[in-house]
Protein chains: 4
Amino acid sequence: MTRLRLAMVGGGEGAFIGAVHRMAAALDGDWDLVAGAFSTDTGRNTRTGTQLGLAPARVYASFEAMIAGERALPADIRAQAVAVVTPNHLHAPMAIAALDAGFDVLCEKPMAMSVAESEAIAAAAKASGRHFALAFTYSGYPMIDEARARVARGDLGAIRLVQVEYLQGWLSLPIDGDGNRQAEWRTDPARAGLGGCLGDIGTHAFHLAEHVCALRVEAVSADLTTHVPGRRLDDDVSAMLRFEGGARGMLKASQVAAGEENALTLRIYGERGGLEWAQMEPNTLVMRWLDRPAEIVRTGGPALQPGVAALTRTPSGHPEGYIEAFANLYRAFAATVRGEGGRWFPGVVDGLRTMRFIEAVIANAASDRKWSPLYPGETE
Amino acid sequence: MTRLRLAMVGGGEGAFIGAVHRMAAALDGDWDLVAGAFSTDTGRNTRTGTQLGLAPARVYASFEAMIAGERALPADIRAQAVAVVTPNHLHAPMAIAALDAGFDVLCEKPMAMSVAESEAIAAAAKASGRHFALAFTYSGYPMIDEARARVARGDLGAIRLVQVEYLQGWLSLPIDGDGNRQAEWRTDPARAGLGGCLGDIGTHAFHLAEHVCALRVEAVSADLTTHVPGRRLDDDVSAMLRFEGGARGMLKASQVAAGEENALTLRIYGERGGLEWAQMEPNTLVMRWLDRPAEIVRTGGPALQPGVAALTRTPSGHPEGYIEAFANLYRAFAATVRGEGGRWFPGVVDGLRTMRFIEAVIANAASDRKWSPLYPGETE
Amino acid sequence: MTRLRLAMVGGGEGAFIGAVHRMAAALDGDWDLVAGAFSTDTGRNTRTGTQLGLAPARVYASFEAMIAGERALPADIRAQAVAVVTPNHLHAPMAIAALDAGFDVLCEKPMAMSVAESEAIAAAAKASGRHFALAFTYSGYPMIDEARARVARGDLGAIRLVQVEYLQGWLSLPIDGDGNRQAEWRTDPARAGLGGCLGDIGTHAFHLAEHVCALRVEAVSADLTTHVPGRRLDDDVSAMLRFEGGARGMLKASQVAAGEENALTLRIYGERGGLEWAQMEPNTLVMRWLDRPAEIVRTGGPALQPGVAALTRTPSGHPEGYIEAFANLYRAFAATVRGEGGRWFPGVVDGLRTMRFIEAVIANAASDRKWSPLYPGETE
Amino acid sequence: MTRLRLAMVGGGEGAFIGAVHRMAAALDGDWDLVAGAFSTDTGRNTRTGTQLGLAPARVYASFEAMIAGERALPADIRAQAVAVVTPNHLHAPMAIAALDAGFDVLCEKPMAMSVAESEAIAAAAKASGRHFALAFTYSGYPMIDEARARVARGDLGAIRLVQVEYLQGWLSLPIDGDGNRQAEWRTDPARAGLGGCLGDIGTHAFHLAEHVCALRVEAVSADLTTHVPGRRLDDDVSAMLRFEGGARGMLKASQVAAGEENALTLRIYGERGGLEWAQMEPNTLVMRWLDRPAEIVRTGGPALQPGVAALTRTPSGHPEGYIEAFANLYRAFAATVRGEGGRWFPGVVDGLRTMRFIEAVIANAASDRKWSPLYPGETE
């Protein structure tokens, strides 16, 4: 198995998500990080490259230099894919430039600053014939695959209710201006986009709900709030959802749920039963039934749907977590980059849906209308 | 301690809630059931009275006969209070008649069929000088008292988020017409009122949220659904709430959450922390904090607020449940009936708020407006 | 349904278990408390009788006076059964005297101070033809019945492992001499007997294990410890068990497990699966399997064994607890006292087994031998 | 940061633990796998090397060839450390040979086949001046470090009780002879050693207990059982433990606890409180107290002991699991190999204690004596 070569833009020392990408890429031995433009701060950029053991020539001063530099290398040496782990406003220009230059791209979420930008990425991917993956990490958990397969098989019957929540508490205090790098850009409209909490974690919740149900939200009614004085973007999202086929949903995302860590949970109920999954205990999927005891389905356990066991690296009871879920995305992406096809990973379609969700919520929250549509018919 | 004498209307054999009232009244030895009009079916009425060991003369053929018969008895023999455990449409006429006749009343929820009826009960209570209690049972749990006291003391800081849910699955199938007595009247507008799930359990959720926060909802936006074909009332409620002071809430109540039993949960987040309580494990209250580990506060455990320990009958770790919570209402009501004053129990104010909630949700759900007001200023 | 008449010895104000007996007896309307000798302290005795609303003539100054006084009453007025809720050293003399006088007896555990005393009770019950029940309360939980029925049906296959624990922390500090009434007599050999923690809660653990497995322990190896300086009886028990048929067990009971409340747990594993039950969340029984997902069996839920649902008073999800479990014993005892027969309750056989366990553990703990026998063949 | 170079013996395709070692070594970028002798089956060995992307010249036909081959390479190319991931009987000869040849060694547990062999490894490490790490993986979890630090600080007061369990169910059926590679060698005395379940997982339980308490077991009383007919080694261990200072412990390890996955749990109680940790939910440490509510200490959460946060890679609520715990051992080992010193990892002392435990249990289980000593005074 040949290792693939990865370049990264963003993710300098002190950043959170860049380091996670590197661990996820390394875990299964599919990827070698070979190049990077980690920071516009020269010292920080160089230090990061050194710490990572990169050849100095491939630690680039800018994204543009990296694209140019890598293109100039022989095909069997240059990076094959670019991981874009910058603040949101850079996703679209960088992803498009990388695709246009012939690189496959794995980009952080949200996809871009607007639906329009997302469509431009979609167009660039199509035109270039290159692959585009989006880091909706939570869809990489085995029990999410299991849940999706069971819903698809009809275990629950027709879906009636969807309850999805993503609760964090880390923005409860006004740390935006206190030099907290993570908080700073996420609450800055120029870098984060129209949504604060909405774009950062509301999109994860929305994506997970549509992904597992395989149903599209047709209309949304939303209440968008900024609880912390002085904050420039929302830190709290409430939304009611109407799905195609008649299912009703509620979505809650908040970054001021004081004391909560990273509480993404999904519950789905159909005619015959319901399921429940919680990201903080991700190896368990509870299935409840009208007519028999609830079941605890487990990562690596008995009676999993086809393909799910392959997402696990250890016997049941040896917990796998967030990095492993992330690695499942890198592994699926690697298979596609290698041309082996295979397993699904989130990409253009997922990105467009979530950007439409952001725009619909923002429009609805600013209006007196109860419902705003979400164009459920599209099939990009 | 003299025992108080209770009469009951409704609650014939096979009914659920009447039997619970009787156990709750018996548990602490405060009440003796002395009279009843349990059913309009003569045989059922008589059998119930016999099973309960009542004197045959005090098993009445009708509510009216019971009121007349008990009034005719000497003061030290006749019932002092009447428990109204009939379908909803009978609450107001019976409560008013009992109050007018000089009895204290403990009534099942929802209070009545409309705000107007509820106001009539309120007026009757005021005019008669009699006490009126409403069976918002869940407010009888010790950990609900603890939560309320901690919020009041400011442990969480100003409240920002309120998430309340009440999920059941027992109406997932169309059992309404299958002779299930519980399902039948609860889905019949003539007996249940305007709300189905909304009135039956949505009111519990709403009451618990306002009760623990001590904040009133100012506006509601709702989506009311009937998932089961042929059902005549809603079986599913989604609502967004805006509280006085700026807190945001979400309320979900459903009787088609297949596989759920009686999952009433409440989470409240303030500036500095959050709390979580779940009715199905009612002796635990989780307190989460921004700056220190979460705490597991326990019924009967250390560091409870004043008065809370008195709501418990056994040492910590000997679980108390639903019947004990219910008994706490009967105990508090007994203290008031005896003129000892003392502990709070839900009554007229709680009933009016929940009826206003029902009407606001129904109005909002039928309209295109996003928000409907809930008259937060009233202080009956 | 005629109510039965109960007399009580012990259980004056401030005592824990007497009050629980009274609530358990009252809950289902089977019993009226009609007489008592609650305390040898006259004031305390009188106050307790008054609080309970007893006729003053039936609040007796002593146990002997109560037995004599009640026997002198007409048959349709005098107490039918006596609840013995005194410290352990009084169980045998009082139970025997009550049986000999023609009363049925419901006695607290442990049965007596020795196997010899227990055998004398057994003989008195046999000679008098009266019924003897023993308050092994935890066997009154519906999920314990469910577990026993499933083991009996062979769901788990042949039993291999039994892990039973009973952990409390309330004796972690030397409160024995601090005027804590509960602690005082439980740590006094003259009143508690040979075992401290062993007799108080170790017997519950042992009983539950044998009861659910329907297997007898053949041999025990034990380590008995007194952790708190100055304490006169053990406060901590470790034991290894060998069951008939080859199953292996471990039993842990401690009253110095600081921070634990009342953590009685039972796990049983057989060839094909295992089960787990925890008293502090008593409405759940987890069944684990080799070849399929674990199941969460619930009080009041679907697929229960015959007879188990009858032990529950409310729909699933309305938690029932310790008092309800206790009430199930009083209800089963009532059925037998009425001559309706029916449901099992713990009695002479259970008491003798647990007394033999106490004596075997004490003998073994004092010796260098690894194993001491427990006479598994007996079938009293 | 220069990457270190690792060679591996054992861990050919299909093996479980070798792959885990490789992921753990890769996760943080500290190690590059550069050489291996993965299997004595030539095809399997070659395929494994190819899949891992090794240079063919460094995929060796035997351990001896690997040691010789690597020694012959220049110092800046040859492997610096050897991971020994073979069945148990090869640990000692290979570890000793590797140490003698100047390599640092990270070895799977149990350390060897006997105390004598372990002492030989200890002597070889001392003589060579090379480092020896032992894969007691569970001590790599952050919450284990937290627990150990809190016990050391005296939060619980003097320790009284230690309850440790390791329950698996995967050997419930007689799969030993069915071609299950994992089961086969683990139940073969010639390859696994004197203990079956005892050596495989009992050692983990014992190590964790002594490690977190920082107390040594002085004496053990044990019951060793083989439940599955035809199995050649124990599949079930019960033991009572006496610790220095008077603490009492119970240890249960079983591989026939049908339905259990990998349920390693540790509870420790002292004078003032207790702690509980469960490997299957490893990011939570519950602290219980006599006088205040229990606390939920969390990986990455507030109020951790110094150094513990550094063992975590993601913000709290992004679960880390078994591979991350394993990577913590590789990271600590790397720091020592680089001469940076620093963090503790399990090694010779841990190995010797666990081997003494194995021998003491086997001796005790075969005798009628209740207690066998464990030489608590040694301080290798």
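Analyst: Let's begin with one pair of residues: Leu6(A) sits opposite Leu33(A), a residue of strand 2 of chain A. Please keep in mind that this is a predicted model, in which local features need pLDDT of at least 70 and side-chain atom pairs count only at pLDDT 80 or more, while totals for chains, interfaces and linings use all residues. Residues are numbered from 1 along each chain as its sequence is written, chains are lettered from A and ligands numbered from 1 in the order in which they are written, and side-chain values use heavy atoms, with hydrogens and water left out.

Strand 1 (residues 4-10) and strand 2 (residues 31-37) of chain A run parallel and are joined by six bridges. Strands here are DSSP runs of E with at least two residues, helices are runs of H or I with at least four, and both are numbered from the N terminus. Two strands pair if DSSP finds at least two bridges between them. Together with helix 1 (residues 17-27) of chain A, these two strands make a right-handed β-α-β unit. Right-handed means that, with the strands pointing away from the viewer, the path from the first strand over the helix to the second runs clockwise.

How well covered is strand 1 of chain A? Seven of its seven residues are buried, where buried means under 20% relative accessible area, exposed means over 50%, and partly exposed lies in between (1.4 Å probe, protein chains only).

Strand 1 of chain A also pairs with strand 3 of chain A, again in the parallel sense, over five bridges. Within that pairing, Ala7(A) has Val82(A) as its bridge partner. Strand 3 of chain A spans residues 81-85 and includes Ala83(A). Ala83(A) counts as buried because its relative accessibility is 0%. Leaving aside neighbours within four places in sequence, Ala83(A) is in contact (heavy atoms within 4.5 Å) with Leu6(A), Ala7(A), Met8(A), Val9(A), His21(A), Leu106(A) and Tyr330(A). Ala83(A) and Gly11(A) are 72 residues apart in sequence, with 9.6 Å between their C-alpha atoms.

What does the record say about this stretch? An unreviewed UniProt entry annotates residues 5-133 of chain A as "domain: Gfo/Idh/MocA-like oxidoreductase N-terminal". UniProt positions are given in the numbering used here, feature names are shortened, and annotations may be inferred rather than shown by experiment. Over residues 5-133, chain A is 42% helix and 19% strand, and the end C-alpha atoms are 16 Å apart. The unreviewed entry also places "domain: GFO/IDH/MocA-like oxidoreductase" at residues 146-276 of chain A. Over residues 146-276, the chain is 27% helix and 34% strand, with 12 Å between the end C-alpha atoms.

Chain B lets us view strand pairing as part of a sheet. Five strands of chain B form an open sheet in the order 2-1-3-4-5, with parallel pairing. Its edge strands, each pairing on one side only, are strand 2 (31-37) and strand 5 (132-134) of chain B. Neighbouring strands of this sheet are turned by 25° against each other on average, direction ignored. Strand 1 (residues 4-9) of chain B is joined to strand 2 of chain B by six bridges, and the two run parallel. Here Leu4(B) stands opposite Trp31(B) of strand 2. Helix 4 (residues 91-100) of chain B packs on the sheet, touching strands 1, 3 (81-84), 4 (104-107) and 5 of chain B, and its direction makes about 160° with that of strand 4. Axes are lines fitted to C-alpha atoms, for helices over the stretch in contact, and angles run from 0 to 180 degrees between N-to-C directions.

Finally, let's see how chain A meets chain B. The contact takes 47 residues from chain A and 47 residues from chain B. About 3,500 Å² is buried between chain A and chain B, with 55% given by carbon and sulfur atoms. In chain A, Arg160(A), Met250(A) and Lys370(A) lose the most area to chain B, together 18% of what that side buries. Buried area is the accessible area (1.4 Å probe) that two parts lose on being put together, summed over both. Glu165(B), in strand 6 (residues 159-167) of chain B, has Gln163(A), Glu165(A) and Arg267(A) among its contacts. Glu165(B) counts as buried because its relative accessibility is 6%.
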